[in-house]
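Colleague: I would like to go through the side-chain features of this model one by one. Please give the general idea each time, and then the case at hand.

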Amino acid sequence: MVMKLKKLVSVLLVGACVVSLAACGSDKKEKSDDGDKKSKDTLVMATNAEFPPYEFRDGDDVVGIDAEVAQAIADKLGMKLKIEDMAFDSIIPAVTSGKADFGAAGLTVTDERKENVDFTDTYAKATQVIMVKEDSKVAGPDDLTGKKIGVQLGTTGDIYAGDIEDAEVERYNKGFEAVQALQQGKIDAVVIDGEPAKEFVKQAEGIKILDEAFTEEEYALAVDKGNEDLLGKINDALNELKDNGKLDEIVDKYINADDAE
C-alpha cells in the first residue's frame, strides 16, 4: 500500500512539472511573440555619436547625416526609428547579435567587415585624412613611416594605420581624444575621416589637415549577414532617397553648408 501511494505521488509530481513547464513555455512564447511584434514596427540603429557631421549629440538627441538618413529610411518602411549610442567597436557586434537591426556610423565597406555583416548600397564617399600640428614635418602619407599615429578604435583609420611601416598606433575610444593627444605632443599624427577632421580643426588650435588624402572610401549601412529581406528593403529606400534628391539634401545640410561658411 505504501509503495502504491509513493508511485501515485510520483506520477502526480511529474504531471505537475509537465504542466508547469508547458505553462512556462507558453509564457516564453508569448513574450517572444510580443517581442517580434515590437521589432516589426521599430527599426533599431546602432551608432557612435562621436563622429560629426555624420552623428553627434545635440542635447539628448543623436543628430547628423546618418541619423537623418536612417529616419528617412524608417519613414519609407513605415517604421519608428530607435537610435542606440555605443562605442564604435561595439556597433557590428550589436548588429550580428540582433541587438540592433543595422549599423550607421560612417561605416566604410571593407573586406574585413564583410566577413561579419552585409553592406547596403553606398550612400556617401569619404576620405581618410592625416591631421598634424601646424609645425609638423609630416607632409604626406609617406612621412608616417616610423611615426606614432593616433586613431579611433575600430575605425577604418585604425585598420589602415596598422599597415604603415614601423608605425606605433595609439588607439583611442573617441576621435577627439586622439586630437587632444596630438595637441599635447603625445603622438605625431592622427588618421581619421575627412569630415570629422574638419570639425576637429575648427575646435583645436594649432592643428591642420594635410592636402594629400590617406585613402579614398565609401560609406554604407551594415545589416546582419544573410538578412536579405532587410537589406533589400533598406536598399530600395536608399535608392528612392537618391532618386528624389532627399539624400543630397540631407548631406548638403551638414557638409556643403559648412564648407560655404
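Colleague: Which residue does R57 meet in a salt bridge?

Modeller: The criterion is a side-chain nitrogen of Lys or Arg within 4 Å of a carboxyl oxygen of Asp or Glu. In this predicted model, the side chain of R57 meets that of D85, with 3.3 Å from N to O. R57 belongs to strand 3 (residues 55-58) and D85 to strand 5 (residues 80-85), so the pair links distant parts of the chain, 28 residues apart.

Colleague: How many salt bridges does the structure hold?

Modeller: The structure holds 11 salt bridges. One of them joins the side chains of E50 and K174 at 3.5 Å, N to O. E50 sits in strand 2 (residues 50-51), whereas K174 sits in the loop between strand 10 (168-172) and helix 6 (175-183), so this pair ties together parts that are 124 residues apart in sequence. E50 is partly exposed at 24% relative accessibility, and K174 is partly exposed at 29%.

Colleague: Which residue does K225 meet in a salt bridge?

Modeller: The partner of K225 is D118, and their side chains meet at 3.3 Å, N to O. K225 is found in the loop between strand 14 (222-224) and helix 8 (228-243), and D118 in strand 7 (residues 117-119), so the pair ties together parts that are 107 residues apart in sequence. K225 is partly exposed, with 44% relative accessibility.

Colleague: With which side chain does the side chain of Q128 make a polar contact?

Modeller: The side chain of Q128 makes a polar contact with the side chain of E217 at 2.8 Å. If neighbours within four places in sequence are left aside, the residues in contact with Q128 include T156, Y160, I192, D193, F214 and E217.

Colleague: Next, the rings. How many aromatic pairs are there?

Modeller: The count comes to four aromatic pairs. Y54 and Y219 form a pair that is edge-to-face, with 5.0 Å centre to centre and 85° between the planes. The term edge-to-face applies because the planes are over 60 degrees apart. Y54 lies in the loop between strand 2 and strand 3, and Y219 in strand 13 (residues 215-219), so the pair ties together parts that are 165 residues apart in sequence. Y54 is buried, with a relative accessible area of 3%, and Y219 is buried at 0% relative accessibility.

Colleague: Which residues form one aromatic cluster?

Modeller: F51, Y54 and Y219 form one aromatic cluster.

Colleague: Finally, a loop residue. What does the side chain of S97 reach?

Modeller: The side chain of S97 reaches the backbone oxygen of P93 at 2.9 Å. S97 is placed in the loop between helix 3 (91-96) and strand 6 (102-103). At 47% relative accessibility, S97 counts as partly exposed. In sequence S97 and D224 are 127 residues apart, while in space they are 8.2 Å apart, C-alpha to C-alpha.

Terms used:
Residues numbered from 1 in each chain as written. Predicted model: local features only at pLDDT ≥ 70, side-chain atom pairs only at ≥ 80, totals over all residues. Heavy atoms only, no water. Helix = DSSP H or I, 4+ residues; strand = E, 2+ residues; numbered from the N terminus. Buried < 20%, exposed > 50% of the residue type's maximum accessible area, 1.4 Å probe, protein only. Polar contact = N/O pair within 3.5 Å; in protein donor to acceptor, adjacent residues only side chain to side chain. Contact = heavy atoms within 4.5 Å. Phe/Tyr/Trp six-rings, centres within 6.5 Å; stacked < 30°, edge-to-face > 60°.
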